[in-house]
Amino acid sequence: MRAKNSATATPTIAVTGADRTGGTVSAGGTVSAGSVGGAGSPGAPVAADLATATSGRLTDPLPRGTVLAALGVLSFSLTFPSTVWGLESFGPWSLVAVRSTLAALIAGAFLLAGRVPLPERRHWAGLAVVAGGVVIGFPLLTTLALRTSTTSHAAVVVGLLPLTTAAFAALRTKRRPSRTFWFAAVAGAVVVLAFTVQQSGGAVSQGDLYLFGALLVCAAGYTEGGRLARLMPGWHVIGWALILCLPLMAVGSAVALSVEPVRLNAHGVIGLVWVAAGSTFFGLYVWYRGMASIGIPKASQLQLAQPLLTLVWSVVLLGETLPLAAPLAAVAVLVCIAVTQRARS
């Protein structure tokens with residue numbers, strides 16, 4: 001069967017009937033192989049348990065696909081620093097509501113331009129789960145966390161997202177990953193928990209609770225998105241999830257902007273534009289195009305660099321001073337993720 005990307009007229013990919021995209025997307029900026037990604041956030045290359053790797057003949061050239069997937073990872077790595085900039089001008093509720101509204105308008109324009117038909121009625125419940133976890137839950141909770149947590153701290157904690165999604169995917173599909181898989185997943189969780197306690201002076205802070213909550217809701221959205229991505233192109237999944245949230249987010253924008261103070265400056269505007277158009281839309285678009293070209297396994301390896309890139313941006317753009325524990329913990333978590341990927345294959 002041949003599947004055509006609805007956003008363009010010419011590129012096509014040949015895929016199997018079961019795998020039309022093989023991936024999912026996060027609005028925070030976090031996207032991952034086999035999961036629906038965000039935004040805003042580090043990807044989770046683990047819901048491939050729900051949508052197995054693309055196995056058909058791929059017609060796009062490998063170098064072009066690698067560049068596109070790398071652009072997606074680069075876009076997602078800027079989500080947290082852009083959120084911090086956005087908070088200079090907007091309150092947390094305003095930033096999330098306006099961000100989602102703008103992203104939904106952009107997605108709607110592309111869906112209309114591509115004449116993409118409405119999803120079947122049976123898919124709307126799943127899209128609601130994706131919307132609640134990826135479009136609303138993850139951006140809101142991470143934005144609230146970033147009022148008190150540093151970007152580098154948040155990047156390490158949310159780096160646990162792939163392993164969290166792995167657990168949700170295993171429960172959703174009722175599969176039994178190997179003991180090696182679970183050992184690596186638990187080890188990664190222990191590393192992150194130890195890091196948060198050490199950085200918070202022996203206790204878990206309110207910001208950490210927001211981040212842990214973000215992990216749970218985003219993993220649920222990723223997992224359900226992985227199921228839907230077997231039935232429709234992945235960017236359609238996030239596009240319709242955004243459209244589903246548009247009425248609520250439009251009203252939320254009006255209410256939040258009337259209640260929270262707005263202090264426009266260059267950083268705030270740039271941050272808002274990037275999390276809406278860059279992380280939530282452009283990043284997801286190029287990520288899916290690239291993943292369709294090079295396949296899930298290779299794209300997953302590229303996304304392992306995302307937490308470390310966010311650490312770099314926290315220093316370059318925000319002037320944060322990294323504690324030694326941050327890069328060490330990030331590398332340890334990435335090793336655990338790599339082990340889980342091998343254990344699943």
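Contact here means heavy atoms within 4.5 Å. Helices are DSSP runs of H or I with at least four residues, and strands are runs of E with at least two, both numbered from the N terminus.

This is a predicted model, where local features need pLDDT of at least 70, side-chain atom pairs count only at pLDDT 80 or more, and totals for chains, interfaces and linings use all residues. Residues are numbered from 1 along each chain as its sequence is written, and side-chain values use heavy atoms, with hydrogens and water left out.

## Helix against helix

Let's start with α5 and its partner α7. H153, V156 and V157 are the α5 side of this contact, and V192, F195, T196 and Q199 are the α7 side. By class, that splits into four nonpolar, three polar and no charged residues. The classes work like this: Ala, Val, Leu, Ile, Met, Phe, Trp, Tyr, Cys and Pro count as nonpolar, Asp, Glu, Lys and Arg as charged, and the others, Gly among them, as polar.

How do you describe two packed helices? You give the angle between their axes and the distance between the axes. The axes are lines fitted to C-alpha atoms, for helices over the stretch in contact, with angles running from 0 to 180 degrees between N-to-C directions.

| Pair | Axes come within | Crossing angle, roughly |
|---|---|---|
| α5 and α7 (residues 179-199) | 9 Å | 155 degrees |
| α2 and α5 (residues 151-158) | 10 Å | 140 degrees |
| α3 and α4 | 9 Å | 145 degrees |

On direction, angles under 35 degrees count as roughly parallel, over 145 as roughly antiparallel, 65 to 115 as roughly perpendicular and the rest as oblique. The crossing at roughly 155 degrees makes α5 roughly antiparallel to α7. α2 and α5, on the other hand, are oblique to each other.

The α5 and α7 crossing is left-handed. α2 passes α5 in a right-handed crossing. For that contact, α2 supplies F80, P81 and V84, while α5 brings T151, A154, A155 and V158. Six of these residues are nonpolar, one is polar and none is charged.

α3 also passes α4 in a right-handed way. Its P92, W93, L95, V96, R99 and S100 meet V135, I136, P139, L140, T143 and L144 of α4. Sorted by class, this contact has nine nonpolar, two polar and one charged residues.

## Buried spots

Buried means under 20% relative accessible area, exposed means over 50%, and partly exposed is in between (1.4 Å probe, protein chains only). How many of the eight residues of α2 are buried? Seven of them are, so the helix (residues 79-86) is mostly covered. The buried set is T79, F80, P81, S82, T83, W85 and G86.

T143 sits in α4 (residues 124-145) and is buried, at 1% relative accessible area. Setting aside neighbours within four places in sequence, T143 touches T83, L87, P92, L95 and V96.

S75 belongs to α1 (residues 62-77). At 3% relative accessibility, S75 is buried too. Not counting residues up to four places away in sequence, S75 has contacts with W274, G278, S279, F282 and G283.

V98 is part of α3 (residues 92-113) and is buried at 14%. Its contacts, leaving aside neighbours within four places in sequence, are S253, L257 and L272. V98 and L272 are 174 residues apart in sequence, yet 8.0 Å apart in space, C-alpha to C-alpha.

## An aromatic pair

The structure holds one aromatic pair. W124 and W240 make it up, edge-to-face, at 6.2 Å centre to centre with 75 degrees between the planes. Rings of Phe, Tyr and Trp (its six-membered ring) pair if their centres lie within 6.5 Å; planes under 30 degrees apart count as stacked, over 60 as edge-to-face and the rest as tilted. W124 is in α4 and W240 in α9 (residues 234-259), 116 residues apart, which links distant parts of the chain. W124 is partly exposed at 26%, whereas W240 is buried at 9%.

## A loop residue with positive phi

Where does R115 lie? R115 is in the loop between α3 and α4. Its phi is near 50 degrees, a positive value in a residue other than glycine. Most residues other than glycine have a negative phi. At 76% relative accessibility, R115 counts as exposed.

Terms used. A crossing is left-handed if the near helix is turned anticlockwise from the far one by less than a right angle, and right-handed if clockwise.
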